[in-house]
Amino acid sequence: MIVLLLLLVARSAGTPAAGAAGPAPASGEPGIAPPDISQLSPKERFDRLYNRVMQAAQSGDQATMTRFMPMALGAYEMLDSADADARYHAALLRVHNGDVQGSRALGDSILAAQPGHLLGYVVLGTTARWAKDDAGRAKAYRGFLAHYDEEMKANRPEYTEHRASIDGFRREALDEKAGGQSPRGGS
C-alpha cells in the first residue's frame with residue numbers, strides 16, 4: 001500500500017516513477033520539482049503532503065488541492081499513532097475537503113487525549129465557522145480562552161509551530177468576548 005501511495009504521489013506530482021523513462025510532464029508549478037518522499041517516515045510523508053495541500057489552498061490552486069488531498073488523508077490514515085499536531089493537520093485537511101463532521105471529530109479527539117489543548121479548540125472553532133454554527137464557535141472560543149494561559153505555559157512544540165493560528169484564534173475569541181458578534185468581526 002505504501003509503494004502504491006508513493007507511485008501515486010510520484011505520478012500526480014509530475015515526476016516519473018522509479019524506472020520510468022522520458023521527461024516529466026509539467027506539474028503546473030514551473031521550476032519546482034516535487035519532493036521525493038519515498039525515504040521519509042510516515043509522519044514526515046504526511047507532513048509534506050499536508051504542507052503541499054495547505055500551500056495550494058492558500059494560493060487558490062484547486063487543481064493541486066484536488067490532486068494531493070486524497071494522498072495526504074491516506075498518509076494520515078497510515079500513521080501508527082497520531083499526536084495532537086497530526087490530528088490538527090488532518091482536521092484542517094478534512095474541513096478544506098468539506099468534511100466538517102470528520103474535522104470536528106478530530107478536534108474532539110485532541111481534547112479527549114489532552115483536555116484543554118488549544119489546537120482542539122481551534123479545530124472546533126474553525127469547523128463551527130465553516131458550518132455557520134455560531135453557538136459552537138462561541139463555545140470553542142470560551143474553552144480556548146479558559147485554557148489559554150495555562151496551556152501556553154506548557155510550551156508545547158505544536159504551539160510554537162502554529163503560533164500564528166493560535167494568535168489569530170485568540171484575537172477572534174477576545175473580539176467575540178468583548179463585543180459579541182460584531183458585523184465586522186471586531187478589529
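Helices (H or I, at least four residues) and strands (E, at least two) are DSSP runs, numbered from the N terminus. The model is a predicted one, in which local features need pLDDT of at least 70, side-chain atom pairs count only at pLDDT 80 or more, and totals for chains, interfaces and linings use all residues. Residues are numbered from 1 along each chain as its sequence is written, and side-chain values use heavy atoms, with hydrogens and water left out.

**The whole chain**

Begin by selecting the protein chain, which has nine helices and zero strands. Of its 187 residues, 42% are buried (buried means under 20% relative accessible area, exposed over 50%, partly exposed in between, with a 1.4 Å probe and protein chains only). Among contacts with a separation of 6 or more, 55% are between residues 24 or more positions apart; contact means heavy atoms within 4.5 Å.

**Arginine 94**

Next, select arginine 94, which lies in helix α4. Is this residue buried or exposed? Arginine 94 counts as buried, because its relative accessibility is 18%. Leaving aside neighbours within four places in sequence, arginine 94 is in contact with Leu73, Glu77, Asp99, Gly102, Ser103 and Leu106.

**Helices α3 and α4**

Now display helix α3 (residues 62-77) together with α4. Their axes come within 10 Å and cross at roughly 145°; axes are lines fitted to C-alpha atoms, for helices over the stretch in contact, and angles run from 0 to 180 degrees between N-to-C directions. From α3, the contact involves Met65, Met69, Ala72, Leu73, Tyr76 and Glu77, and from α4, Ala86, Arg87, Ala90, Leu93, Arg94 and His96. By class, this contact has eight nonpolar, one polar and three charged residues (Ala, Val, Leu, Ile, Met, Phe, Trp, Tyr, Cys and Pro count as nonpolar, Asp, Glu, Lys and Arg as charged, and the others, Gly among them, as polar).

**Helices α2 and α4**

Which residues meet here? Lys43, Phe46, Asp47, Tyr50, Val53, Met54 and Ala57 of α2 face Asp85, Ala86, His89, Ala90, Leu92, Leu93 and His96 of α4 in contact. This contact has nine nonpolar, two polar and three charged residues.

**Two loop residues**

Move to the loop between α6 and α7, where lysine 132 is found. Lysine 132 has a positive phi of about 55°, although it is not a glycine, and counts as exposed at 71% relative accessibility. Then select asparagine 155, in the loop between α7 and α8. Asparagine 155 also has a positive phi of about 55° without being a glycine, and is exposed, with a relative accessible area of 59%.

**Helix α9**

Finally, select helix α9 (residues 163-179). Its buried residues are Ile166, Gly168, Phe169, Ala173 and Glu176. Seen down the axis of α9, these residues fall within an arc of 165°, so they line one face of the helix; the arc is that of the directions from the helix axis to the C-beta atoms. They pack against α6 (118-130), α7 (134-153) and α8 (157-161). Turn the view to the other side of α9 to find Ala164, Arg171, Ala178 and Gly179 exposed.

Conventions: Expected span 1.5 Å × (residues − 1).
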